[in-house]
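Welcome, and please take a moment with the sequence and the model before reading on. The notes that follow go through a few features you can look up for yourself.

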Amino acid sequence: MPSLLSLSLSLLLLFNGCLARQSSEQQFQFQNECQINRLNSIEPTSRIQSEAGTTEWWNPNSQQLLCAGVSVFKYQVEPNGLVLPSFTNAPQLVYIIQGRGIQGTVMPGCAETFQESQQGQGQQRPGRFQDQHQKIRRFRQGDIIALPAGVVHWFYNDGNERLVTVNLLHTANSDNQLDNNPRRFNLAGNPEEEQRRLRRFAQQQIQGSRSEREEMEEEDDEEQDNRPSRKQSGSRHQQQSSSCNNLLCAFDQEFLAQAFNVDTSLIRRLQEVRGQKGSIIRVRDRLDVVSPPRMEEEEREERQQEQRYRQRHPFGRDNGLEETFCAMRMKENIADPERADIVNPQAGRLSTLNRYNLPILNALGLSAERGVLYNRAGTVPQWCINAHKILYMLEGRARIQVVNENGDTVFDDNVEQGQLLTVPQNFAVLKQAGSEGAEWVSFFTNSEAANTPLAGRVSAIRALPEEVVAASYQISREDARKLKFNNEDTFFFTSSRSERRDEA
């Protein structure tokens, strides 16, 4: 008995030691990705054409994206285009750059609260079955939409202009227990090209990073080589796989027929996807689904539901999924100037979104901000104390400087419209807009990201004693006082102010 106990303890220690070693190796690998000596503003490297739009991916093997543990892609959806239902392996934030539409998110266990009879149109044919489904939300330009990992979602462009979104996947999030590769699981359609590109990205991550030009050239060569292969014949399963790449295609038809309680002929039609339409298809007629009559009513109802939830659970306790995700708001508009948290009429404005004003972000571990800078205005040097920052330039341009822990400038260049820049945690960053101004949206890998300004009214320098500032920089107390108190703004600076001082 003692020997058995001794053996059990030895095995337990060995097991824990292996886990600790594996954990430390993973932690070292993660930290090693952030040994960045130089940053670059980056653009999408892969463009996948679908029937009614395009999907553009930034290379997830870019060192700065690996450091942040994120992947980024962009949708462009034509009017009457439908982004087919799918889910991803990581939490996702979607920013609506342009356009409007409706969006559905399928939360497991939540009630199907939308029914055709709610519309009260009185146009239902006698004997017709009335559909019911989970809630559908309207969205517009400036909205941030939060999507948990593994949750089915879809988008539909019911407007008259192109819908454009930028989407961030937090692949390093604990909800993703696969790996750091972005994965999309499609419930419908034939997204063969996108799946091939994502597989290629995963292979490159294993083999080691290469230049973006080499990656794109190899992708083009592979695409030309693979085109004739679709005409090859094979077994029934191989034929289905070559013409259909969604989840339903790989299951046995008999099993699916039993699971859905339908005829195998219907399952056969589901698996016979015709044409290379991709993941964004064009709806023949307008998509006629039960949706909120007006966005204002929808937002008011969601806020009332959220308020009732908070009153029932003042300390954040809940009784399961139905009282959390099912009742929570999934989106918030951060483009409205009246919503801005920080405003300087001469410099710009900033709107922040975190777990306090959109509580679902607490579960996703993400937050966001949207900033506007006017002509030649800038933001004071600052660093994020608890998150990586992924910035996407919406309009205009800004000169951005990023400094690492060694005092080295790892980035000093203009970031143009449509480009992406990652600012690693604790790296200090300063930005100044060009003559046409600048607008951006930033995603943070923490639900309550916090920034520390280096200058201004609430800065680290101002919080230091005057004597400490003077001694640290070997300057007089008078100069230390200027350094602390001359900028009364909390976040911005204007070029006119600095120019006047230079002339004086």
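## A residue to start with

Is Ile-102 buried or exposed? Its relative accessibility is 3%, and buried means under 20%, so Ile-102 counts as buried. Leu-82 sits 20 residues from Ile-102 along the chain, and the C-alpha atoms of the two are 9.8 Å apart.

## The whole protein

Please keep in mind that this is a predicted model. The protein is built with 13 helices and 25 strands. Of its 504 residues, 46% are buried.

As for the surface, the protein exposes about 26500 Å², and 47% of that is supplied by carbon and sulfur atoms.

## The disulfide

How many disulfides does a search of the whole structure find? The count is 1. The partners are Cys-34 and Cys-67, with their sulfur atoms 2.0 Å apart. Cys-34 belongs to the loop between helix H1 (2–32) and strand S1 (46–50), while Cys-67 belongs to helix H2 (residues 63–68), so the bond ties together parts that are 33 residues apart in sequence.

The handedness can be read from the geometry: the torsion about the S-S bond of Cys-34 and Cys-67 is about 100°, so this disulfide is right-handed. Both Cys-34 and Cys-67 are buried.

## The cavity

The structure holds 1 cavity of 30 Å³ or more, and the volume of the largest cavity is about 50 Å³. Its lining is made up of Gln-382, Trp-383, Cys-384, Lys-389, Val-423, Pro-424, Asn-426, Phe-427, Val-429 and Asn-451.

Which strand gives the largest share of this lining? That is strand S19 (residues 378–384), with 3 residues.

One of the lining residues is Cys-384. With a relative accessible area of 5%, below the 20% cut-off, Cys-384 is buried.

Notes: Residues numbered from 1 in each chain as written. Predicted model: local features only at pLDDT ≥ 70, side-chain atom pairs only at ≥ 80, totals over all residues. Heavy atoms only, no water. Helix = DSSP H or I, 4+ residues; strand = E, 2+ residues; numbered from the N terminus. Buried < 20%, exposed > 50% of the residue type's maximum accessible area, 1.4 Å probe, protein only. Areas by Shrake-Rupley, 256 points an atom, 1.4 Å probe, with all protein chains shown as cover. Disulfide = S-S within 2.5 Å. 1 Å grid on protein atoms, 1.4 Å probe; cavity = no way out; pocket = protein on both sides within 12 Å on 5 of 7 lines; lining within 4 Å. Points joined across faces, edges and corners; volume = space filled by probe spheres on them.
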